[in-house]
Amino acid sequence: MLQPKKIHEDWIAVIIAFLTITLVVAGLKPALPKYGWSSGTELWSQLTNTSNLIHIGTLFLWVLGSLLLARFLAGDFKPAALVSGLLAIVLISLLAQIITANKAIKDLGIEVVLFSLLLGLFISNFIGLPQWVKPALQTELYIKIGLVLLGTNIIFGDILQAGMLGILQSVVVVFTVWYFSFWLCKMLGLDDEFRMMISSAVSICGVSAAIATSGAIEGDNKKLSHVISLVMIVAIPMMLFMPGIAVWAGMSPAVAGAWLGGTIDTSGAVVAAGTKLGDEALKYATIVKFSQNVLLGLAAFIISVYWSYTKKKANYEKPTVRTIWERFPKFVLGFIVASLLFSFVLPSPVVAAAKGSLKEIQTYWFALAFTCIGLETKFTDIFKVENGRPAMAFIIAQLFNVFFTLIVAYLVFRQ
């Protein structure tokens, strides 16, 4: 059965996310510090900028307050143990943001979460993780909060208005790629947890889907971190090379955008790749990607039900509605409610005023989470886990995704 602490953590993530939404809608809007530099002089000027320093301090206090509330609600309130560790994680994430803000790197469209992951991996593998940082390594909590906040930027009306074709492609691609990935993982002898997480990550929306699936099946955190690392590593060459392939093949903006949106696993990488092909391609890439994101809640529910009815364990009770509810990742409910709230309930001016700040806060939580993943992961193990079979399964499934999605994009969006 699911441990009480895990159920509790899901609800804590929802509480913190909706408290954040409430404060932002009410007008309290912490912002990320703004950097954009190409020389040391320019960088130093921005590092010592009073406004940026205030933003850094405000965000640290915001996250510290959220983390203290989370540990209080979890019955593990040890503030002294959290402050120093969180400060280290925040500084690493800040360094990642500064690196990403370099104009040459920004032109490549590389996301801050990637450098957060890489810096964490560097420290973990070459320097070593100090013991005093570990209490603040709340990876799952950070990602779950970020996922609930992601719902505020998934607006159903925008997707429906943009057309049903993107939704049609997303449904066809998600179900076909998921089943192919699941079959492939089985052929390679991977266990059920790896099969579920890899299939969802490749077919739906990368990191978000892997987290939701792990919550639905009570997945092993080490396996989840491994899948997330694969998602991030494979997304880099896809983001860099797929736009060039689209131009070389003479694809229309609609086909190229739909292809990018249906295959690249992180939303930021989709936007970066789509931007290289122009506004129209970016529009279709975003439509398809958001359509897949919308399927996240439905997928988590189906996986939760499937897992409850097929998991074979001695002394495992027959699944009931209560069993399914206990297994269902509650933070996915928060994601759905947030999306519905911003899609149909809140007035348009309120949504427009709040979305930008919520997106920045969501990005910040994800950056902290990926720093933690890096700090907890040995880079040398990424392609050594189970003799590299998970990595092989992920790469082969992603290649199938690339070719199958291209065929569907041509069929759906050809003019």
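**Entry 1: Lys276**

I began with Lys276, which sits in the loop between helix 14 (267-275) and helix 15 (279-310). I noted that the model is a predicted one. Is Lys276 buried, partly exposed or exposed? Its relative accessibility is 38%, so Lys276 counts as partly exposed. The cut-offs I needed were under 20% for buried and over 50% for exposed.

Next I looked up what Lys276 touches. I left aside neighbours within four places in sequence. The contacts are Asp107, Leu108, Met239, Leu240 and Pro243. I took one of these partners, Leu240, and checked the spacing. Lys276 and Leu240 are 36 residues apart in sequence, and their C-alpha atoms are 9.6 Å apart in space.

**Entry 2: the whole chain**

I stepped back to the chain. How many helices and strands does it have? I found 19 helices and 0 strands. The chain has 415 residues, and 55% of them count as buried.

I also looked at how far contacts reach along the sequence. I took contacts between residues at least 6 apart in sequence. Of these, 79% join residues at least 24 apart.

**Entry 3: helix 12 and helix 13**

I turned to helix 12 (residues 221-248) and helix 13 (residues 253-263). Their axes come within 10 Å and cross at roughly 160 degrees. That angle makes helix 12 roughly antiparallel to helix 13, because angles over 145 degrees count that way. The crossing of the two helices is right-handed.

Which residues make the contact? From helix 12 they are Met238, Met242, Pro243, Ile245 and Ala246. From helix 13 they are Ala256, Trp259, Leu260 and Thr263. I sorted the residues of this contact by class: 8 are nonpolar, 1 is polar and none is charged.

I then asked how enclosed helix 13 is. Of its 11 residues, 10 are buried, so helix 13 is largely enclosed by the rest of the structure. Among the buried ones are Ala254, Val255, Gly257 and Ala258.

**Entry 4: Ser170**

Ser170 belongs to helix 9 (residues 164-187). Is Ser170 buried or exposed? Its relative accessible area is 1%, and the limit for buried is under 20%, so Ser170 is buried. Beyond four places in sequence, Ser170 touches Val288, Ser291, Gln292 and Leu295.

**Entry 5: helix 12 and helix 19**

Helix 12 and helix 19 (residues 389-413) have axes that come within 11 Å and cross at roughly 45 degrees. That makes helix 12 oblique to helix 19. Helix 12 passes helix 19 in a right-handed crossing.

On the helix 12 side I listed His226, Leu230, Val231, Val234 and Met238. They meet Pro390, Ala391, Phe394, Ile395, Gln398 and Val402 in helix 19. By class, this contact has 9 nonpolar, 2 polar and no charged residues. I saw Met238 in the helix 13 contact as well.

An α-helix has 3.6 residues a turn, so residues three or four places apart point the same way.

**Entry 6: helix 7 and helix 17**

Helix 7 (residues 139-150) packs against helix 17 (residues 330-345) at an angle of about 25 degrees. Their axes are 7 Å apart. Helix 7 and helix 17 are therefore roughly parallel to each other. Helix 7 brings Lys144, Leu147, Val148 and Leu150 to the contact, and helix 17 brings Phe331, Gly334, Phe335 and Ala338. I counted 6 nonpolar, 1 polar and 1 charged residue there.

**Entry 7: the core and helix 18**

Last, I looked up the largest nonpolar core. It has 120 residues. Leu86, Tyr142, Ile228 and Phe370 have the most contacts inside it. Which helix gives the most to this core? Helix 18 (residues 348-376) does, with 14 residues.

I checked Phe370. Not counting residues up to four places away in sequence, Phe370 touches Val113, Ser116, Leu117, Val207, Ile228 and Met232.

I finished with Leu375, found in helix 18. At 3% relative accessibility, Leu375 counts as buried. Its contacts beyond four places in sequence include Ile89, Ile92, Gly120, Leu121 and Leu137. The C-alpha atoms of Leu375 and Leu118 are separated by 9.1 Å, though the two residues are 257 apart along the chain.

Definitions and conventions: Residues are numbered from 1 along each chain as its sequence is written. This is a predicted model: local features need pLDDT of at least 70, side-chain atom pairs count only at pLDDT 80 or more; totals for chains, interfaces and linings use all residues. Side-chain values use heavy atoms; hydrogens and water are left out. A nonpolar core is a set of buried Ala, Val, Leu, Ile, Met, Phe, Trp, Tyr and Cys residues joined through side-chain atoms within 4.5 Å. Buried means under 20% relative accessible area, exposed over 50%, partly exposed in between (1.4 Å probe, protein chains only). Helices (H or I, at least four residues) and strands (E, at least two) are DSSP runs, numbered from the N terminus. Contact means heavy atoms within 4.5 Å. Axes are lines fitted to C-alpha atoms, for helices over the stretch in contact, and angles run from 0 to 180 degrees between N-to-C directions. Angles under 35 degrees count as roughly parallel, over 145 as roughly antiparallel, 65 to 115 as roughly perpendicular and the rest as oblique. A crossing is left-handed if the near helix is turned anticlockwise from the far one by less than a right angle, and right-handed if clockwise. Ala, Val, Leu, Ile, Met, Phe, Trp, Tyr, Cys and Pro count as nonpolar, Asp, Glu, Lys and Arg as charged, and the others, Gly among them, as polar.
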